[in-house]
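Please walk through this model with the structure open beside the text.

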Amino acid sequence: MPSGINKIKLPKNPWLLFLPFLVLYIIFVLIFPTTGHQGDEERYLMFANNLVNGFYSPPAPDINLTNGPGWPIILMPFIALGLPLITITIANAFFYYLSIIFLYKALKETVSYQLTLLFSMLWACYYVAFQNMPFTHTETITYLLVSVLVFSMVKAFKPGAGKESNKYILLAGFMIGYIVLTKVAFGFVLIFMLAGTLILWLTNRRSVNYKKGLFIMLIGLATVSPYMIYIYQLTGRVLYWSTTAGSTLYWSSTPYKEEYGDWKLELKQGPVEMGNYNIPGSGDTLVAHHQEDYNEIYKYKGVEQDDVWKRKAIENIKKHPGKYLQNCVYNIGRLVFHYPFSQAVQRPKVLLVFPANGIILTMMLFCIIPTFKNWRKVSYPIRFMLFFTILYLGASTLVTAYVRMFTIIVPILLFWFAYIFSKTVKVNLGFSKTEESN
């Protein structure tokens with residue numbers, strides 16, 4: 001028996017095992033303190049302030065539903081108490097730490113300790129996900145929500161759990177609903193999953209799994225219902241999730257050869273020193289291509305403006321379907337590898353994404369064949385979460401996509417990998433006893 005790794009004694013308690021990572025995460029956010037003006041930070045803080053003051057969006061015509069209230073609700077205590085921004089990012093460190101714990105607990109219920117440790121460590125060391133931890137963005141809290149979803153799904157469908165599974169069904173449904181409130185792109189996933197689980201249950205009412213799956217989706221719908229009622233009262237529209245969906249579809253539909261479907265905040269971009277990465281002169285090209293559309297779009301506000309964005313996007317797709325499909329391929333590239341960006345300067349840090357997500361993509365390709373070859377033997381929670389993931393990733397490729405949108409689903413992917421590896425792969429890290437060194 002090898003004398004190295006097998007003699008290492010690690011604590012079996014995940015709270016102690018991953019505690020060093022929590023320390024590292026806290027140090028990380030302290031080294032890179034937020035200013036409150038990075039990316040979407042100002043918007044999330046604004047919505048949190050709105051909630052503290054008793055409303056969410058301004059009334060028509062200035063309706064602003066850029067994002068859901070999931071993250072602003074969590075930010076409310078920090079804003080109400082006047083706590084400094086660093087306390088939010090330190091909370092992010094705890095959120096990520098907790099996401100590791102829940103993924104570990106889900107894995108422990110499903111695979112061996114060795115695979116549990118391996119894939120929990122992979123998530124703990126997945127540095128691509130760290131980029132948003134120092135900021136008041138939604139990604140880190142979503143990592144926790146998704147990890148709790150994985151854990152609750154495993155417990156809800158655990159054989160022989162009996163009535164104890166009911167509380168995990170409630171938890172899983174609430175997690176799905178709160179994920180939608182935090183990342184509204186999952187709203188469409190919720191609707192399709194609800195319809196799918198209903199059809200499965202109607203065609204096989206004796207299946208306990210299908211019944212549980214339907215209950216989970218109904219609880220998810222109940223969780224988002226207050227917000228959907230609020231949106232209906234505000235806009236008069238059903239299943240309306242965001243006032244920015246149109247702009248992301250518009251940029252994803254751009255018909256111009258040198259544009260790859262990535263979203264642009266403004267046509268005239270500032271210099272690289274101000275955090276923009278467009279090459280010199282590209283702003284003039286964007287103006288030439290899009291100023292006429294912008295002149296019409298910005299005659300409107302709120303929901304009406306979103307409608308015009310969508311109308312322009314649909315026109316582009318109808319006239320240039322091949323270019324839209326090409327942009328969808330580029331969206332996949334940005335989703336997984338953070339590349340390519342149109343008319344942008346080279347950013348060497350993008351190279352850091354390739355090895356980590358390249359490994360994940362390789363494992364995805366490896367796991368696809370045994371998964372579908374043995375589909376009926378794959379446990380129901382895995383199948384449920386795979387459909388959840390496929391719908392989300394599929395929808396994400398249709399609009400402007402970025403790597404941060406991929407990172408939030410990685411805990412589900414790692415759980416899937418561990419499950420398939422446990423069924424198909426046998427690994428021995430030690431050499432045979434008959435092996436002799438020279």
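Arg311 is partly exposed, with a relative accessible area of 36%; that class lies between buried, under 20%, and exposed, over 50% (1.4 Å probe, protein chains only). The model is predicted: local features need pLDDT of at least 70, side-chain atom pairs count only at pLDDT 80 or more, and totals for chains, interfaces and linings use all residues. Residues are numbered from 1 along each chain as its sequence is written, and side-chain values use heavy atoms, with hydrogens and water left out.

Which residue pairs with Arg311 in a salt bridge? The partner is Glu296, and the closest N and O atoms are 2.6 Å apart. A salt bridge here is a side-chain nitrogen of Lys or Arg within 4 Å of a carboxyl oxygen of Asp or Glu. Arg311 sits in helix H13 and Glu296 in helix H12, so the pair ties together parts 15 residues apart in sequence. Helices are DSSP runs (H or I, at least four residues), numbered from the N terminus. Glu296 is partly exposed too, at 24% relative accessible area. Salt bridges that share partners join Asp293, Glu296, Arg311, Lys312 and Glu315 into one network.

The whole structure holds 13 salt bridges. One of them links Asp62 to Lys301, with the closest N and O atoms 3.4 Å apart. Asp62 lies in the loop between helix H3 (41-52) and helix H4 (70-80), and Lys301 in the loop between helix H12 (282-297) and helix H13 (302-319), so this pair ties together parts that are 239 residues apart in sequence. Asp62 is partly exposed, at 38% relative accessibility. Lys301 is partly exposed, at 48%.

Lys158 forms a salt bridge with Glu109. Their closest N and O atoms are 3.2 Å apart. Lys158 belongs to the loop between H7 and helix H8 (165-182), and Glu109 to the loop between H5 and helix H6 (113-124). The two are 49 residues apart. Lys158 has a relative accessible area of 37%, and Glu109 has 35%.

Now turn to Thr136, in the loop between H6 and H7. Is Thr136 buried or exposed? Thr136 is buried, at a relative accessible area of 0%. Leaving aside neighbours within four places in sequence, its contacts (heavy atoms within 4.5 Å) are Glu41, Tyr44, Leu45, Trp71, Leu85 and Ile88.

Next comes helix packing. The axes of H5 (residues 85-108) and H7 (residues 139-156) come within 8 Å and cross at roughly 20 degrees. Axes are lines fitted to C-alpha atoms, for helices over the stretch in contact, and angles run from 0 to 180 degrees between N-to-C directions. H5 and H7 are therefore roughly parallel. Angles under 35 degrees count as roughly parallel, and those over 145 as roughly antiparallel. Residues of H5 including Phe95, Phe102 and Leu103 meet residues of H7, among them Ile141, Leu144 and Phe151. The contact divides into 13 nonpolar residues, four polar and one charged. Nonpolar covers Ala, Val, Leu, Ile, Met, Phe, Trp, Tyr, Cys and Pro; charged covers Asp, Glu, Lys and Arg; the others, Gly among them, are polar.

Helices H9 (residues 186-203) and H10 (residues 208-235) have axes that come within 9 Å and cross at roughly 150 degrees. H9 and H10 are therefore roughly antiparallel. Their contact includes Leu194 and Trp201 of H9, and Leu214 and Met217 of H10. It divides into 12 nonpolar residues, three polar and one charged.

How values were computed: Angles under 35 degrees count as roughly parallel, over 145 as roughly antiparallel, 65 to 115 as roughly perpendicular and the rest as oblique.
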